[in-house]
Amino acid sequence: MEEKKIEEEIEETEEPRPIDGERVEKSVVKEDTDIFDELVEGNEPKHVEEKVENKIIEKDEPEEKETEETEEKKEETEKPAFEKSQAAKTKETKKEDTKTKKSKKKKTKKKSDYEKKELTSREKELLKETEGDELEEELPEKEEIKEKIIENARKVSEPEEMNEEEIEGIEYYSGEERHTLKDEKKEIIAKEKVSVFDLGFLENEETGNAFIGRKKSVFEKHGEKAGLFVGKVNEEELRGKNVLLDSLNPHVVFVCGARGSGKSYVLGVLAEELALKNKDVGLIVIDPIGVFWSMRFPNKELNEVSKLSEWDLMPHGLENVKVFIPEGIKSEVPKSTFDATFSIQPSLLTAEDWCLTFGIERFGPSGLLLSKVLKKLEHGFKAEGKYIKKKENFSLNEISYCLEKDEELNSRERGYKQDSIRALVSRFEAAKSWGIFSEKGTPLGELSRESQLTILDTSFLEDDVTALVIGIIARRILAARKISTRKEAAKKFKKDLDEMLEMDIPPTWLFIDEAHTLIPSGNVKTPATSALVEYVKQGRRPGCSLVCATQQPSAIDTRVLSQLDVLISHKLVFDDDIKAIFKRTPSIVPAKYKKSSFIRTLSVGTALVADRREETTRAFVMDIRPRMSQHEGRDAETSEVKEQVSEEDVMKLATEIIWKKLQQEPLEMEKVNILVDTLNGKYKSKIMLSSVLDSLEERGAVIEAEKVYIKGIEKKEEEKEFETEEEKYEKEVEEGLKEQEEGKEKSVLKELTLALKIDEKNARKIGNKNRKKRTLGLFGSEERIKGIVLSYELIYKISLNDFDLKREFVSVDCFVDAMSGELMHYNGKNFVKSKGFNKTALLNKDESFVLRNLLQKKTVKEITERSSEISEDKARKIVSALAEKGFLKKEKREGKIQYSLDKELDLPFTPRHKLISSLNNCSYTENLVSSAVKEKFSAEEVNSMLKGLWPNSIVKKSTKLFRPVYYITLEEDGKERALRIDGTTGQVIS
């Protein structure tokens with residue numbers, strides 16, 4: 001029975017034999033080609049054995065077929081066990097060693113499944129040619145020929161067991177022609193070279209050089225000016241053509257590659273070219289590994305020097321390199337390896353910068369404490385019985401002093417825990433050891449300057465501190481260029497000295513290596529993330545360029561990758577990185593380059609380049625040129641409009657700027673020298689400091705070794721120095737009290753406010769209706785309107801996630817009035833407030849749970865059933881505690897103590913109540929908030945209230961919203977009363 005089943009299965013698997021031999025021959029050629037095409041493409045062919053079996057079809061006479069069938073039946077009867085094993089052939093049999101299979105076939109002399117098919121036409125011809133030949137006995141038998149062909153087919157189906165030479169040596173026939181896989185590969189490669197998208201560039205017809213990144217209109221106007229020679233095309237189509245990168249327009253250039261593939265080398269090439277070819281831009285290289293300082297020396301590597309001659313280049317050191325190191329470590333670094341030091345003013349850092357650097361939660365207790373300290377330093381604070389004036393530039397010591405001595409922060413009632421204060425102070429003490437902070441700071445104009453290659457060596461700093469430095473610099477460059485771009489259009493010489501040193505900078509190229517540590521992907525954020533994202537998004541118009549390199553493209557923030565317009569990719573190994581590159585490639589990539597095997601096999605110094613400009617038709621392969629300088633790490637058009645200023649005019653400009661500043665205060669000689677250097681760099685002049693000082697002396701300035709001053713101004717300064725401490729203190733207190741009495745912010749800020757719908761005239765009418773009037777118009781006294789002022793009151797808009805028992809959350813916005821500390825809602829007509837929310841910060845988790853259940857009208861028994869952790873006795877104690885804190889009313893009835901919710905208490909038991917986010921339905925606008933009333937409740941206190949009432953909620957973000965309010969002063973018999981009218985609804989605020 002089993003034998004019959006096996007025979008039936010074999011018959012079913014056999015395909016019908018075609019009659020026409022010619023048709024069979026064509027099908028064999030087609031199928032052979034398909035199989036080898038699959039192999040060349042790198043895909044493992046499926047069921048190759050079956051395909052080959054179907055190609056070898058019998059073409060003998062009918063009598064021969066019958067004879068073979070008879071013999072087969074006879075053998076099947078004699079040895080059924082072997083036939084059974086043949087029919088039940090599995091995948092394991094296919095993977096046996098080829099030699100073992102061959103020896104088994106010879107021993108048993110058993111026909112395989114392949115032998116049930118015919119020979120090819122070529123094999124038949126070979127047999128015919130040998131008929132009657134005297135050497136016929138020396139030719140291989142028919143079975144051996146078949147076995148050889150079958151063995152070749154097996155090799156094709158199991159390429160993993162063969163080396164490359166064995167695969168390329170396999171023979172097959174297409175009609176009358178004999179082929180090998182090696183020949184097939186050559187044909188396929190030749191076909192791939194003929195691409196639908198031919199390689200094309202924006203070219204200079206005279207020189208034959210190709211441009212990437214340059215607009216056609218810019219090329220027609222400037223030709224090859226400021227073109228950066230980065231490499232040569234490495235493709236048959238345009239092999240050896242020079243490739244130039246545009247530097248007249250801003251760009252975001254992204255360089256990637258595995259370690260040792262040459263990505264840092266490319267950064268050096270680009271920086272080198274910019275320093276030599278474009279003197280009109282500022283160039284800042286952030287060096288986190290300390291390899292770029294050597295660019296001042298010519299290349300000494302023998303293999304690279306020999307290559308330079310092949311590229312028609314010579315070893316060349318850069319004379320305009322200026323290396324900066326952190327100010328605090330200059331004593332530890334050899335003087336020959338740096339030129340100057342840099343530092344940052346602590347006042348430039350926001351609360352978010354400090355939180356990200358210190359690794360603390362922005363809206364946690366420490367983060368809110370930090371925010372409050374910075375605000376106090378900006379506006380002044382009271383400590384040790386005296387008022388400390390606000391300062392524009394404060395030091396780390398002053399931050400620590402404010403934390404330790406401020407009366408409000410350290411008060412028992414409204415202050416912070418001493419542990420929190422001490423922990424924050426210790427962090428600022430540690431920050432002093434970084435060596436990057438000083439009260440003066442390094443002017444941006446000293447870092448970004450025409451004709452200067454600035455290298456900020458941050459290899460001495462931790463990653464977080466380096467990220468902080470880069471974030472601050474990127475933010476300053478973007479802000480300065482936005483202002484400079486407007487002023488360039490005005491073409492004015494009148495500039496303040498401080499403004500000149502900080503804001504008047506040229507279009508700037510910022511170079512960053514190891515970018516994945518600064519702008520990581522996902523939810524991870526560093527102090528540099530936000531600043532660099534804004535830099536690439538907004539930097540095009542003000543002329544801010546970025547060149548960043550990484551070995552992990554998949555680990556870079558996609559908001560930066562989406563802005564790139566030039567991609568240079570070296571060898572990559574991991575699939576995630578390869579996919580990330582092709583996902584963001586700014587041009588068409590040929591199919592042959594999309595294969596992961598191509599990127600993985602790029603040689604060192606060779607890269608796949610893609611350009612967003614439409615003149616570059618597709619991505620192409622390029623060889624990077626060798627460095628001329630030593631490598632130790634083994635639509636603002638910058639030349640479109642350039643002022644041509646004579647040295648005489650530069651001298652006048654320097655004198656005017658310094659003289660204007662001297663009329664206010666004396667200047668240090670070092671600052672005067674920096675200004676002269678800045679002007680020389682900007683206008684390519686060579687005015688001497690001594691000449692400027694002579695000119696100032698002619699105007700009446702006094703020149704000393706360390707400072708310059710005007711006599712009258714200097715005396716005033718001396719008088720100030722001799723003021724007693726008591727006099728200084730009295731003045732500070734007087735000024736501080738004066739500011740406090742004003743009760744409003746002096747600065748005018750543009751803030752988000754509720755729409756102002758009530759004008760002053762209508763507000764006056766509402767005030768007139770609500771003032772006290774005489775009885776019957778005849779008896780008693782009445783109030784009169786003395787004054788009316790429009791001001792703004794702060795509302796906190798807090799975004800939070802509310803979690804349920806299943807840890808699923810809903811995002812909710814709630815609004816808290818900073819004057820009353822109550823939740824604010826909008827019912828479609830008027831604003832309404834909660835009652836008792838400002839006391840919820842006093843609640844612990846159990847008290848909050850009980851209170852929220854009581855608000856839902858639950859009894860004590862029901863509350864204990866809802867929570868296994870709260871017993872009936874514990875619930876009674878909690879109820880008593882709630883009464884003491886003012887949430888419940890305690891009464892004695894019929895000799896028993898009873899508790900009930902206070903009638904004045906009105907709180908939502910869940911943040912998911914429909915009124916919580918109701919202010920989102922109001923109209924908003926941006927206004928200049930010139931008069932903001934000081935809040936009574938801080939953001940930190942409000943967060944504590946939220947945590948007290950809804951402990952399962954987590955605050956994500958807190959922003960400010962302002963409410964327009966008319967303050968009407970009513971007077972009666974010398975007594976004054978204030979009336980507040982809402983500027984949006986016209987309702988009287990209680």
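Strand E23 (residues 784-803) and strand E30 (residues 953-972) run antiparallel and are joined by 18 bridges. Within this pairing, tyrosine 796 stands opposite lysine 960 of E30. The model is a predicted one.

E30 also pairs with strand E31 (residues 975-982), again in the antiparallel sense, over eight bridges. In this second pairing, glutamate 971 stands opposite glutamate 976 in E31. E30 and E31 form a hairpin with two residues between them. Aspartate 973, in the turn, has a positive phi of about 50°.

The protein as a whole has 990 residues, 47% of them buried. It contains 36 helices and 32 strands. Its accessible surface comes to about 53,200 Å², and carbon and sulfur atoms account for 48% of that area.

Strand E5 (residues 228-233) also has two pairings to describe. Five of its six residues are buried, so E5 is largely enclosed by the rest of the structure. Four bridges join E5 to strand E6 (residues 242-245), and the two run antiparallel; here lysine 232 has asparagine 242 as its bridge partner. E5 pairs with strand E18 (residues 620-624) over three bridges, also in the antiparallel sense. The bridge partner of valine 233 in E18 is methionine 622.

| Strand pair | Sense | Bridges |
|---|---|---|
| E23 and E30 | antiparallel | 18 bridges |
| E30 and E31 | antiparallel | eight bridges |
| E5 and E6 | antiparallel | four bridges |
| E5 and E18 | antiparallel | three bridges |

Among the helices, H28 (residues 669-683) has a length that can be checked. At 1.5 Å a residue, its 15 residues should span 21 Å, and the end C-alpha atoms are 22 Å apart, which agrees. H28 is mostly covered, with 11 of its 15 residues buried. The buried residues include Met669, Val672, Ile674, Leu675 and Leu679. Lysine 684 follows H28 and has a positive phi, near 55°.

The whole structure has 13 aromatic pairs. One of them is formed by tryptophan 354 and phenylalanine 437, whose ring centres are 5.3 Å apart with 35° between the planes, a tilted arrangement. Tryptophan 354 belongs to helix H15 (residues 351-358), while phenylalanine 437 is in the loop between helix H18 (418-431) and helix H19 (444-447), so the pair ties together parts that are 83 residues apart in sequence. Both residues, tryptophan 354 and phenylalanine 437, are buried.

The charged end of lysine 300 sits over the ring of phenylalanine 297, 5.6 Å from its centre. For lysine 839, the ring is that of phenylalanine 887, and the distance from its centre is 5.3 Å.

The last topic is cysteine. A disulfide is a covalent bond between the sulfur atoms of two cysteines. The structure holds zero disulfides. For cysteine 256, the closest cysteine sulfur is that of cysteine 548, at 9.6 Å, which is too far for a bond; the cut-off is 2.5 Å. Cysteine 256 has 0% relative accessibility and therefore counts as buried. Cysteine 922, at 12% relative accessibility, counts as buried too.

Conventions: Residues are numbered from 1 along each chain as its sequence is written. This is a predicted model: local features need pLDDT of at least 70, side-chain atom pairs count only at pLDDT 80 or more; totals for chains, interfaces and linings use all residues. Side-chain values use heavy atoms; hydrogens and water are left out. Buried means under 20% relative accessible area, exposed over 50%, partly exposed in between (1.4 Å probe, protein chains only). Accessible areas come from the Shrake-Rupley method with a 1.4 Å probe; for residues, only the protein chains shown count as cover. Rings of Phe, Tyr and Trp (its six-membered ring) pair if their centres lie within 6.5 Å; planes under 30 degrees apart count as stacked, over 60 as edge-to-face and the rest as tilted. A charge sits over a ring if NZ of Lys or CZ of Arg is within 6 Å of the ring centre and within 35 degrees of the ring normal. Two strands pair if DSSP finds at least two bridges between them. The expected span of a helix is 1.5 Å times one less than its number of residues.
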